[in-house]
Amino acid sequence: MLLPFLWMFSTSVKPAGEVFKSVDSPLKALVPGDVQWRNYGKVYGATQGMGGGFARWYLNSVLVAVVVTLGQLMTSACAAYAFSRLQFPGRDKLFLGYLGTMMIPGAVTMIPNFILMRKITDWLTVAAPFVNWDAPRVIYLFGHTYDVGRLVGLDSYFALIVPVMFSAYGTFMLRQFFMSIPRDLEEAATIDGCGLFRIFTTIILPLSKPALATLGIFTFLGNWQSFYWPLIMLTQDSMKTLPLGLLSFMGLYSTQWTLLMAGSMMMILPMIVVFVIGQKWFISGIQMGALKG
Amino acid sequence: MARTKRGRTALAGYLFLLPNLLGFLAFTLIPVVVSLGLSFFEWDLFSPPKFVGFHNFSTLVHDHDFWRYAFNTVFLMLTIPVNILGSLFLAMVMNQKLRGIVVFRTMYFLPTIVMGVGTYLLWRWIYNPDYGLINAIITHWLPRWLNDGISRFGVEWPPQWLSSVTWAKPALMFMTFWTVVGGYNMILFLAALQGVSPELYEAADIDGANRWQKFWAITWPLVSPTTFFVFTMSLIGGLQGGFDQAYVMTHGGPAGATTTISYYIYNHAFAWNHMGYAAAMAWVLFTAVFAATMLNWRFGGRVVHY
C-alpha cells in the first residue's frame, strides 16, 4: 500500500542520472544511493519562469481552496438551517430538487458554465462599457508586479471560486446533522426572545462543529485536487492551481522523473497533513453522510 | 398573531436559503436546462448556433468512436466488484480489535485522499516500461520459468503498460484498485460490521459453524445494505469516470484504448468546440447514470436485507 509512496519519495531525492541506471534488484531502486534534497529547490527554481511557478501555484491553491471551503460552509449551513428548521411554502419540493441534482454528471453543467465564463466578458462589455472587462489585472506589492487575472471570466479567481461555492451535497449533509439536534434548546431560546438568526449563530452552529469540520475537510481536500474545472478555466500559468501547474511542469520536464516526483511530493504533503490532523472527523463524517442518508 | 409569525418564519426561511439557491440556480439548474437545449443545436462558440433537431443524437448512434469509448468505460468498471470485495475483506481484517489499527486505517485511506495529478504522475513513473518499479519487480523477482512461460503464450511480457493497447486498461484498473480499496467503501463497511451484534457469531459458534458459513449466513446479509449503497455509488462514479487519469497519464491512448465517455465529451466540448454534440453526449451519459441507478434500486433492492 505504501510502496508507491516510498518509490515516489526515493525517486524525488535521487540524483538525476540514478533513476535511469539498471539495477539488479528492485530493492536497490527503492533506496536512493545518494540523498539530494536539492531536487526540491530545483523544482522551485525551474518553474519560476512559469508565471511564478510552484510558489505562486501554492498560493493560488491555498487561496481558492480556503475561500471555496468557507463559502461552501456558509451557504450550505444557512440553506441547511432553512431546510431543517424553518417552514415555508415549497420547502420540501426544493429540497427534493437539490437531492435530484446530485446525480447529474459534472459534464452536463460544465458545458453551459464554461460558455458562461467564456462569454461573460463580452456580455458585460455590452452592458457596462465603462469597465474594461477583458483586461487581465495586475497588482503592485512590495515593489513587484503580480498578475491577478481578469475580474470575471476565463483566467479569473472569480471563475475558480464562485461557481464551486455552492454545494447540494454539503447542504444535504448539514441538514441531516441539524435534524439530529434536539429542539428543546431552541424552544427555550425562543421563549427568552431570541430571534432566528441568533438561534442559528449561538445554538445550531456551535453544536454542529463536528459536522462543519468534516464538511470543511472534505471540501478543502476535494478542492486542492480539483482538476477538470480549473483546466477549462485557465490558460495563464500565473493563475494556475497546483494540479494544473504540475501538469504544465510535466509538459516541459517530461523525463526528469526526480523533479516530477519532487513536485508531486510537494503537492500531496499538505493533504497528508490535513488528513492526519482531521482524520477522526473525516472517518465519522463518511459514516454520518452515508448512514443517515 | 400566529399568521404573522408564520409569515415571518417563511420570509426568514427564504432569506437563509437565498445565497445557496441563487448559486444553485445559476450554476446547476439553469445550466442543466441550457445544456439540454444546446443538445439540439450545432455551435462552435463563434458562428451563431444552428438548430439541428435530433441530428446530434442520431449522429451519436452511428458514432463508432462513441460506442468504442462506451465499451472502454464499462470495461474499466469491471474492477468495481473486485474493489468492493477487497474493501469488505479489508474491513473485516480491520474490525478485529488489534492494537495500532488506526495507523493501518490511515495508511490504507491515504491513496484515496491524495488521488489526483500527483498520484497519476507517480503511476506513470511506476509503469515506465524501462525504469519503472513494476517491471523491475517482474524481471527480478518473478521466477524465470514463469516470465518465459508467459511470453511463450504470445503475451507481451514484461508489458509496456500505458503505451500498450493490451495492458493500458488493466494498468489503470490496478491503479484504481490501489486508490479506492482502503477508501470510503472500506470505512462504510467497517461501520456496518461494527453494527453487527457479536451474539450472532457466538450463537453460530455454538452451532459449530465454520468461518465461511458464518460469513455467508451472518456477515454478508447484514452488510448487504452497505454493499448495495457502495455498489450504486461506484456505478454512478464509474460511468462518469476516467477523465483525469486519461488526461494526465495516457491522453486517452494508445489508439483510444483508455478514452472513456467523459474524456470524449471533454474533447468534443473543450478541444474541438462541438458544444451541441458534447451537450447531447452529456445528456445521454446522464440518462445512462439515471437508468443504471433506477435498475439497481429496482432489482438490487430484492437481495438486500434491512
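**Notebook: a two-chain model**

**Entry 1: a pair in chain B.** I began with D205(B), which is partly exposed with a relative accessible area of 44%. For this entry and the later ones, I call a residue buried under 20% relative accessible area, exposed over 50% and partly exposed in between (1.4 Å probe, protein chains only). I then looked for the partner of D205(B) and found K214(B): the two form a salt bridge, with their closest N and O atoms 2.9 Å apart. A salt bridge here is a side-chain nitrogen of Lys or Arg within 4 Å of a carboxyl oxygen of Asp or Glu. K214(B) itself is buried, at 17% relative accessible area.

**Entry 2: ground rules.** The model is predicted, and local features need pLDDT of at least 70, side-chain atom pairs count only at pLDDT 80 or more, while totals for chains, interfaces and linings use all residues. Residues are numbered from 1 along each chain as its sequence is written, chains are lettered from A and ligands numbered from 1 in the order in which they are written, and side-chain values use heavy atoms, with hydrogens and water left out.

**Entry 3: chain A as a whole.** I looked up the secondary structure and found 14 helices and two strands in chain A. Helices (H or I, at least four residues) and strands (E, at least two) are DSSP runs, numbered from the N terminus. The C-alpha atoms of chain A fill a box of roughly 75 × 55 × 40 Å along the principal axes. Chain A has 293 residues, and 55% of them count as buried. Its accessible surface is about 12900 Å², with 67% belonging to carbon and sulfur atoms; such areas come from the Shrake-Rupley method with a 1.4 Å probe, and for residues only the protein chains shown count as cover. I also checked the contacts, meaning heavy atoms within 4.5 Å. Among contacts in chain A with a separation of 6 or more, 70% join residues 24 or more positions apart.

**Entry 4: where A meets B.** How many residues of chain A are in contact with chain B? I found 84 residues of chain A in contact with 81 residues of chain B. The area buried between the two chains is about 7400 Å², and carbon and sulfur atoms give 81% of it. Buried area is the accessible area (1.4 Å probe) that two parts lose on being put together, summed over both. In chain A, M1(A), W7(A) and M103(A) lose the most area to chain B, together 11% of what that side buries. Helix α14 (residues 257-291) gives the most to this side of chain A, with 17 residues. Sorting that side by class, I noted 65 nonpolar, 16 polar and three charged residues. In this scheme Ala, Val, Leu, Ile, Met, Phe, Trp, Tyr, Cys and Pro are nonpolar, Asp, Glu, Lys and Arg are charged, and the others, Gly among them, are polar.

I counted zero salt bridges between the chains, but 11 residue pairs in polar contact (both at pLDDT 80 or more). A polar contact is a pair of N or O atoms within 3.5 Å; within protein, one must be able to donate a hydrogen and the other to accept it, and residues adjacent in sequence count only if both atoms are side-chain atoms.

**Entry 5: T11(A).** Is T11(A) buried or exposed? T11(A) is buried, at 0% relative accessibility. This residue lies in helix α1 (residues 3-12) of chain A. I traced its side chain to a polar contact with the side chain of W125(B), at 3.0 Å. Beyond its neighbours within four places in sequence, T11(A) is in contact with residues including V19(A), N39(A) and W257(A).

**Entry 6: S238(A) and what follows.** S238(A) sits in the loop between α12 (228-233) and α13 (242-252) of chain A. This serine is buried, with 4% relative accessible area. Its side chain makes a polar contact with the side chain of D147(A), at 3.2 Å. Apart from neighbours within four places in sequence, S238(A) is in contact with G51(A), R56(A), N60(A) and D147(A). I moved on to α13(A), which is mostly covered, with nine of its 11 residues buried. Among the buried ones are L242(A), P243(A) and F249(A).

**Entry 7: back to charges.** Side chains of opposite charge can pair when their charged atoms come close. I found six salt bridges over all chains. R150(A) pairs with D134(A) in a salt bridge, with the closest N and O atoms 3.4 Å apart. R150(A) is partly exposed, at 22% relative accessibility, and D134(A) is partly exposed too, at 41%. D237(A) forms a salt bridge with K240(A), at 3.0 Å between the closest N and O atoms. D237(A) is partly exposed at 26% relative accessible area, whereas K240(A) is buried at 12%.
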